[in-house]
Amino acid sequence: MLYDIDNENEEEPITEEMIIRTRVRKKAIICGVIILCCVIVMTISIIVSVKSKNKANADLANNNQTENQIIHEKKHMQIAKHDFEQIKTKFVPKANPNAQEQITNIYYSEEKIAYLTFDDGPSKNITPQILDILKQENVPATFFVLGSRVELYSDLLKREYDEGHYIANHGYSHKYSQIYESKDTVFEEYVKCENAIRNALNNQEYNSYLFRFPGGSSGGRYAGIKAEAKELLRNYGINYTNWNCLTGDAEGKTTPEALMGCLQETMQGDRKYYCVNA
Ligand SMILES: [Zn+2]
């Protein structure tokens, strides 16, 4: 009996009101379809752009990593090719992807270990005395040298290296306004100092991969530049470290009592950079 019902509907008189209602309904449907299409297209383009952005970021990260790996591999290959005798007897630092994490963990280690570090040298009068004492006591240390001073006293830098100490980078000039002009000037300071070390050691393959920011790696007037520079250095596999214990010699303390007092004060806690009482 379906035919009957259909026929009945067909035969129903069409009023003007019905025509208007049908037109309005049609328009509403068309509008709805257009809006839906727009939403779908927008959603698709958002997904596509997010995906391509993620892909671009991943590609960039991969490229940086590959570039760094290639540079390091090339360096090692060159050492193996040209300075094979030297690599057997001399210490040449290698890039270590976990170095920054390991250095940072030093601060939170349960076991207290003293790592002796000396900044701002080499110094004509003081460095030979330090080296004599370290030799006598059979203690290794790390020298964070300044490129400008390495150029003056390359023989002392060579002695530090030959006696088994680690040579690390403290920039070239130690002039804050010059170093912290931008992240690129920080990097230039690193490169300039590294070149001075290479020339003094007569080893163009040397790369310390370790930088100590003059004045510390965070805070102060140049905090923003320092943060950007850390990121830039990291991209080149260069690590940084500060200090959490001081004798106060750079702040003018000279007597053994004052130096030891400052050391004991800053030994308390894991990050107390400056002594106030001693
Ligand atoms: Zn310094």
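Analyst: What follows goes from the whole chain to the helix pair, then to one residue in it, and ends with the core.

The model is predicted, and its protein chain contains eleven helices and five strands. Of the 278 residues in this chain, 20% count as buried. Among contacts between residues at least 6 apart in sequence, 66% join residues at least 24 apart.

The pair in question is H9, which spans 183–201, and H10, which spans 223–235. The axes of H9 and H10 come within 8 Å and cross at roughly 55°. Because of that angle, H9 is oblique to H10, and the crossing of the two helices is right-handed. On the H9 side the contact is made by Lys183, Val186, Phe187 and Tyr190, which meet Ile225, Glu228, Ala229, Leu232 and Leu233 of H10. By class, the residues of this contact divide into seven nonpolar and two charged, with no polar residue.

Leu232 is a residue of H10 that can be followed in detail. Leaving aside its neighbours within four places in sequence, Leu232 is in contact with Lys183 and Phe187, and both of these partners belong to the H9 side of the helix contact. Leu232 and Lys183 are 49 residues apart in sequence, while their C-alpha atoms are 7.3 Å apart in space.

The largest nonpolar core has 30 residues, and Val145, Val150, Leu157, Cys193, Ile197 and Phe211 are the ones that touch the most other members. Both helices of the pair take part in this core, for H9 and H10 each supply at least two of its residues, as do strand S2 (142–145), helix H7 (154–162), strand S3 (166–169) and strand S4 (210–211). The largest share, seven residues, comes from H9.

Val150, one of the core residues that touch the most other members, gives a view of how these parts are joined. Apart from neighbours within four places in sequence, Val150 is in contact with Pro122, Val145, Leu157, Ala196, Ile197 and Ala200. Of these partners, Val145, Leu157 and Ile197 are themselves among the core residues that touch the most other members.

Terms used:
Residues are numbered from 1 along each chain as its sequence is written. This is a predicted model: local features need pLDDT of at least 70, side-chain atom pairs count only at pLDDT 80 or more; totals for chains, interfaces and linings use all residues. A nonpolar core is a set of buried Ala, Val, Leu, Ile, Met, Phe, Trp, Tyr and Cys residues joined through C-beta atoms within 7 Å. A residue is buried if 20 or more other C-beta atoms lie within 10 Å of its own, exposed if 12 or fewer, and partly exposed in between; C-beta atoms are placed from the backbone. Helices (H or I, at least four residues) and strands (E, at least two) are DSSP runs, numbered from the N terminus. Two residues are in contact if their C-beta atoms, placed from the backbone, lie within 7 Å. Axes are lines fitted to C-alpha atoms, for helices over the stretch in contact, and angles run from 0 to 180 degrees between N-to-C directions. Angles under 35 degrees count as roughly parallel, over 145 as roughly antiparallel, 65 to 115 as roughly perpendicular and the rest as oblique. A crossing is left-handed if the near helix is turned anticlockwise from the far one by less than a right angle, and right-handed if clockwise. Ala, Val, Leu, Ile, Met, Phe, Trp, Tyr, Cys and Pro count as nonpolar, Asp, Glu, Lys and Arg as charged, and the others, Gly among them, as polar.
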